[in-house]
Amino acid sequence: MSKKEIMQANQYLTFVMRDEDFAIEIAKVREVLDVSSLTRIPRMPDYLSGVINLRGNVVPVMDLGLKLGMAPVEKTKNTCIMIVEVEVEGFEVELGVLTDSVQMVLNLPPEAVEPVPKMGTDLNTDFIKGMGRQDEKFLIILDIDTILASEGKATLREGGMAEAAPADAENAGMADIP
Amino acid sequence: MESGSICESHRNMSLSGIKKALKLEIAARSGENIGAGSKALRDGQMAEPEYAEIFREETSELLEELESSLLDLEKAPEDLKLVGRVFRAMHTIKGSGSMFGFDEIAGFTHHVETVLDLVRNGKVPVTNELIDQVLAARDHIKNLLDASTVGGEAEQGRGNEIIAALKALAAGETASSGVTKEVSEKSSESAAAAGKTGEEVPLDKGGLAHYRIRFCPLAAFAESGLKEEDLFKELEKLGECSVFHTNKEQQPCSEQPKWDIILTTAEGLNAVKDVFIFVEHLAQISIKTLIEDVEQEDLLEHKRIGEILVERGDVMFEDVERVLAQQKPLGKMLVDAKLVSHAQIESALAEQKTYQQNKFLAKSKGSIRVASEKLDKLINLVGELVVTQARLSQVSASIEQNEFLEPVEEVERLTAELRDCVLDVRMLPIGTTFGKFSRLVRDLSSELGKEIDLVTEGAETELDKTVIERLNDPLIHLIRNAIDHGIELPAERETIGKPRRGYVRLTAIHSGANVIISIQDDGRGLDPAKIRAKAEANGLLTPKEEISDQEVLGLIFAAGFSTAEKVTNVSGRGVGMDVVKSAIDNLNGSVEISSRKGEDTTITITLPLTLAIIDGLLVRAGDTHFVLPLNMVEECVELTSAEIARYHGRRVLPVREHLMPYVRLRDFFEIEGERPDREQMVVVQMDGDRAGVVLDEVIGGHQTVIKSLGWIYRQAEGLSGSTILGSGEVALIIDVPQLVQRAHREEAMSIRSRSAAVH
């Protein structure tokens, strides 16, 4: 491992969805974009938001909120698209991930990352790499490869949060499919 | 060839020079001394991996050629040209194999070549067993070649078996001297004529042979009253001929004259010899062909004048070396040094010219090999250029500057031209794929005990490279099906009055922006009743459902459908036709089947010429832009709310006195918002089926660079891809066949539900 790789291995990009803190490994993230014109692909599951033109390439975009079984991502001035690179069926593909807002790049040494407790939480451990401790807060470190490669929704909490969250009519229009 | 020629080439230490020199050396030694040749190389260039790659590519091509020649030879065993082709392919594989250090291939091929040489000389006849063995040898070379890539071990034993079988064939035939061959008779005749065997005269790429005739009349010649000029006139009748009096200046009257004649002719060696037939005893005549092996012609093209003179024995190699050291034109230096006469130089120059012309011929017809990634990159760049150009046009239209308009239009025209050019470069004749199928048909039919001919038509039809590559597997599948399920056993065919031999006919033709490929066999055909029964058993159809026979036949494309009663290792595992269908769908093509029970089955595949860039019609529904492939668009009509009301909400509209079903994009793609009062309907057609696509606005033509929607959207309904507009927005390309089908299905359903409501 080169020095750079070691550095990257301990670095995470943190973001917020529905007031909850999440993180993914920085090595997976290509860039972060503002939401520009998004072309919806009709007749597809709601978590597939559409496609964008990324410098001449058509890149699919996914609503991470809906994909994780939570409420759809709200469209505000903070909303952004993280372009991540994931491996699907042996191919590297670029994919846009819609989130509420991206926070910062965080250094987390391995000892600050704890495995997900098997008991006592309603979190689905399949999609989580671990829990990162930052000061007093806990971050959920997502296993973005597994999430994006999974068919259908990758519901994070068995209880489900989608129903609990108030469905904003304007935002839901973007992702809601009867 | 003397070793001098190699040193000569070493003078220019360019890589290609060395390569050529080494190739020359190998060519000279091949046959007797393979090991030494490859060793010489090992010290030099062999380690270069790109040469090994070139060897693999070239050998793969040669093996394909070998296979098709062998299959042709099987049909016409007497054709000596085919034997020559087979031999030359093997010979080249051996030669370059040892040159690039593929010793195992070279060693094996050497033995095969030895047997083929006997065949070429008419000592061993062409039999089916021989073809079988040589085909097996070809496969073995292929295995060795593949093994050298992946580093695996090919079976050594297999090679020995083949060699043993070939040797046995050769030994058996040469021992039975009862077999007299036409060829050997001929050769003995002509051997008597000029002391040279009657082996085939090599021809250049233009089908012409080149001879060097050295004619030295004896004293008796002049006494007989014959004139050299008369002979030369005879020669001129055969073709282009240059005559040189080589010792005119050197020794004016001491000796009898000597003549060198360079003759380029389409006639054979015998015709040339006939000219001299009456003066044979009056002169020394030697006739030599200049190009010794068509396959190695490229080596000889580069012969220098020094080499030619040395080879002719006109001058010693050392003398050439010495004279070369002084930097003057070689010809002049040699004359100055009184080593050769002026005329000798002239003569040699003329010979050199024939080589150069040959090279020119080869060049003008020639092609270059380009890695396909480079082409793909080129296509991508042109695609981006097209997108940028669209943007430029849009900007120019919006700022309305007249002086700007003209160059922008020029760029538009050039871009379109460039696009067509680049797309054309990627076009390949489909025959490259067809060629492979002869072997498949041969092997399969013999395995199944059937007698089947493969007939191909339109092999020159050109299609995008990617399309051809992705078409290979579906076609193999369809041909296997035709052979296994379609065509009956010979005995069965005879009892029902069909000829013993069945056929599979593979045709390709252009039709507009599409290519139509059909696979037809004259086998037992498909039985709609049987398919129906099977479909009902599989739950694809309910017994009450009434569908036409044509639709029943279409069911065989459904997943998990196979009517073969028993599963063979050839076909019939129920995965197949649906795989074929989806492969063709992925190529934006369509596949249809028609069959007459007991007579024939035809599968017709319609494919677009290219996958990368299409002409499209840009339309809009709501805020979303869509592109319809222009080759499927027939016309545009208007749809008003009054007309919608006239048909009570049924989705049909009369177009040219036919009620045409339509699909509204807003409904199909669930686009929100009010639809306008006047909508547009674009009439599209697909395989004769027509339907309307209703949308808000037709914007105009659009050069569409197709971009995949990505793996996430591979199941997107009604869409086949996307493209980027001049504004940077992504537009979606409509999958017209899916939409048309959908329109017809919905219309049929609404009629059914209506009639149900009436009853």
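Among contacts in chain B of this predicted model between residues at least 6 apart in sequence, 69% link residues at least 24 apart. The chain has 759 residues, and buried ones make up 35% of them. Its secondary structure comes to 28 helices and 21 strands.

**Cores**

Let's start inside. The largest nonpolar core holds 87 residues, and Leu628(B) and Val693(B) touch the most other members. Strand β12 (residues 613–621) of chain B gives the most to this core, contributing six residues. As background, nonpolar side chains in soluble globular proteins tend to be buried together.

What does Val693(B) touch, leaving aside residues up to four places away in sequence? Its contacts are Leu628(B), Tyr662(B), Val663(B), Leu665(B), Met681(B), Val682(B), Val684(B) and Leu739(B).

After α23(B) comes Gly539(B), with a positive phi near 75°.

**The sheet in chain A**

Now for chain A. Here six strands form an open sheet with mixed pairing, in the order β8-β1-β2-β11-β10-β9. Which strands of chain A are at the edges? They are β8 (101–107) and β9 (113–114), each pairing on one side only. Strands β2 (residues 20–25) and β11 (residues 137–142) of chain A run parallel and are joined by two bridges. Ala23(A) has Ile141(A) as its bridge partner in β11(A).

**Where the chains meet**

The contact between the chains takes 20 residues from chain B and 15 residues from chain A. On the side of chain B that touches chain A, the elements giving two or more residues are α18 (372–399), β20 (719–724) and β21 (730–734) of chain B. Of these, β20(B) provides the largest share, three residues. The table shows how the residues on this side of chain B divide.

| Residue type, side of chain B touching chain A | Number of residues |
|---|---|
| Nonpolar | 11 residues |
| Polar | four residues |

Note on methods: Residues numbered from 1 in each chain as written. Chains lettered and ligands numbered in written order. Predicted model: local features only at pLDDT ≥ 70, side-chain atom pairs only at ≥ 80, totals over all residues. Core = buried A, V, L, I, M, F, W, Y, C linked by C-beta atoms within 7 Å. Buried ≥ 20, exposed ≤ 12 C-beta atoms within 10 Å, placed from the backbone. Helix = DSSP H or I, 4+ residues; strand = E, 2+ residues; numbered from the N terminus. Contact = placed C-beta atoms within 7 Å. Pairing = 2+ DSSP bridges. Nonpolar A, V, L, I, M, F, W, Y, C, P; charged D, E, K, R; others polar.
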